[in-house]
Amino acid sequence: MLSISLPRLTSRINGLARFGALAGGGVTRPCWSPPHEEARAWLLGEMRAAGLATWVDTAGNIFGATGIRAFGRDTPVVLTGSHIDTVPEGGILDGALGVLAGLECLQAISEASAPHARPLVVAAWSDEEGRYGSLFGSRAFCGLLDGARIDEMMAVDGVRLVDAMARADFDARRAPEARAPAGTVTAYVELHIEQGARLEEAGVPIGVVETIVGVRRSRVLFVGQADHAGTTPMDRRRDAFLAAADYALRVREHVVTRGSGVSVTNFGVVRVHPGVSNIVPGNAELVHEMRDPDPAVLERLAKECAALAHEVAGVHRVGAEIRLMSATTPAPCSPRVQSAIESVCATLGLPCRRLYSAAGHDAQNLARITDAGMIFIPSQGGRSHRVDEMSDWEAIERGSNALLHTLLALAA
Ligand code: HGY
Ligand code: MN
Ligand code: MN
């Protein structure tokens, strides 16, 4: 039974982890940053050394392929991949596992001359974490990127996408040219850590993803009045931060009690202006994120939270402005790909279970143009988006071998 080389995969995972490595462990490797671009060059070198043809598209997506040198409608491919960009102070497996396990699978298949009728390609999608715009690279590849919005796309710290890409020698305005010709991909399967605790707590080694949540991000701005923090009587203040704090607490309660039961919400970005201790906050800005596997639930919650924002603003005598930043579509995974993964697990003697993904992934864009699915492996303690994110090496090996045989089954 053909299998991957764990030592070679381990060495590549540790190799990639060097780019953006943090002293206490973990990595910070945002897309288009110098460590990310150094990692890009390193990955292209590893792909070539593994005997793959490589190319990079106008959205910065990296490809390594067996059997072809470019996409074309007359040679539909089986595609795998993930991302090499990370969140700030993230772990070494989120994204990296899917890219490097995909590379390992293609190399093992090539070395063994294992038969497959369709070309196999591994991708590293740009800016999956959405520092400048969520799932950017796979959106461009799937023809879902709105070119008219590229000029306004920016990170929360104000860095514009156009400038970040220019520093990495890319022209952001050409990103929509990365759109793949229709029929380019016959199937997509991505290996990823679960980033949650369900598989580990159930003692199940493989997750077969059924559906991937939609992620909705809005900028909520409360506008009050800057005032002297000492001389302004408490009952005369129009404190924008207190309105924001009140909104955050009420929204959490609302999403937990009125959502679907698996709805989640988060306020990971909070900014107060002018932002010094002796001025009553005039402005307070939140990035409000909500997730659910059901688009209708997300729509309903968004409307209810907007009403809540205005109600809270009234109570605190401030103004409220809400602007949608991004909203990804929840995606059902392909039954054909799910069955292929399950039959491979049966052959390999690996117990598996179906589950929904509470994290967003590039696969939800690929699901719009082809049969797409995902394989999950357990995360230690469910930890992810933190420097101590990790999975057992045996789990990594099991997941990679499941990916290898799923690719062969889909490419038969
Ligand atoms: O945020 C997410 O769900 C993913 O890790 N980008
Ligand atoms: Mn992530
Ligand atoms: Mn990821």
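Predicted model: local features only at pLDDT ≥ 70, side-chain atom pairs only at ≥ 80, totals over all residues.
A word on terms before the points: buried means under 20% relative accessible area, exposed over 50%, and partly exposed in between, with a 1.4 Å probe and protein chains only.

Residues are numbered from 1 along each chain as its sequence is written, chains are lettered from A and ligands numbered from 1 in the order in which they are written, and side-chain values use heavy atoms, with hydrogens and water left out.

1. Let me stay with isoleucine 375. This residue belongs to strand β15, residues 371-377 (helices, H or I with at least four residues, and strands, E with at least two, are DSSP runs numbered from the N terminus). Setting aside neighbours within four places in sequence, isoleucine 375 has contacts (heavy atoms within 4.5 Å) that include Val189, Leu191, Ile206, Ile341 and Leu403. Glu190, His192 and Thr406 are also among the residues in contact with isoleucine 375. For a distance to check by eye, the C-alpha atoms of isoleucine 375 and valine 337 are separated by 9.9 Å, at 38 residues apart along the chain.

2. Next, the ligand. Which residues are around ligand 1? They are Glu128, Glu129, Gln195, Arg291, Ala359, Gly360 and His385, where a residue is near a molecule if one of its heavy atoms lies within 4 Å of it. By class the shell has one nonpolar, three polar and three charged residues; here Ala, Val, Leu, Ile, Met, Phe, Trp, Tyr, Cys and Pro count as nonpolar, Asp, Glu, Lys and Arg as charged, and the others, Gly among them, as polar.

3. Have a look at the polar contacts of the ligand too (pairs of N or O atoms within 3.5 Å). The side chain of glutamate 128 has an N or O atom 3.0 Å from a nitrogen atom of ligand 1. For glutamate 129, a polar side-chain atom lies 2.9 Å from a nitrogen atom of ligand 1. Histidine 385 has a side-chain N or O atom 3.0 Å from an oxygen atom of ligand 1. The protein buries 92% of the 220 Å² that ligand 1 exposes when taken alone (accessible areas come from the Shrake-Rupley method with a 1.4 Å probe, and for residues only the protein chains shown count as cover).

4. Histidine 385 has a positive phi, near 55°, in a residue other than glycine. Histidine 385 sits in the loop between β15 and α11 (393-410), and counts as partly exposed because its relative accessibility is 40%. Aspartate 127 also has a positive phi, about 45°, although it is not a glycine. The loop between β4 (120-124) and α4 holds aspartate 127, which counts as buried at 1% relative accessibility.

5. One peptide bond to inspect: histidine 273 and proline 274 are joined by a cis peptide bond, with omega about 5°. Proline 274 is in the loop between β9 (264-273) and β10 (279-280).

6. On to the aromatics. How many aromatic pairs does the structure hold? There are 13, where rings of Phe, Tyr and Trp (its six-membered ring) pair if their centres lie within 6.5 Å, and planes under 30 degrees apart count as stacked, over 60 as edge-to-face and the rest as tilted. Tryptophan 32 and phenylalanine 136 make an edge-to-face pair, 6.3 Å centre to centre with 80° between the planes. Tryptophan 32 lies in the loop between α1 (6-16) and α2 (34-49) and phenylalanine 136 in helix α4 (residues 136-141), so this pair ties together parts that are 104 residues apart in sequence. Both tryptophan 32 and phenylalanine 136 are buried. Elsewhere, ring pairs link Trp55, Phe63, Phe71, Trp125, Phe141 and Tyr188 into a cluster.

7. Serine 326 is in strand β12, residues 319-327, and counts as buried at 17% relative accessibility. Arginine 323 is also in strand β12, but counts as partly exposed at 45% relative accessibility. Not counting residues up to four places away in sequence, serine 326 is in contact with Ser134, Val215, Arg216 and Arg217, while arginine 323 touches Ser218 and Arg219.

8. Lastly, asparagine 365, from helix α10 (residues 363-366). At 6% relative accessibility asparagine 365 counts as buried. Beyond neighbours within four places in sequence, its contacts are Leu135, Ser138, Arg139, Cys142 and Leu144.

Note on methods:
Polar contact = N/O pair within 3.5 Å; in protein donor to acceptor, adjacent residues only side chain to side chain.
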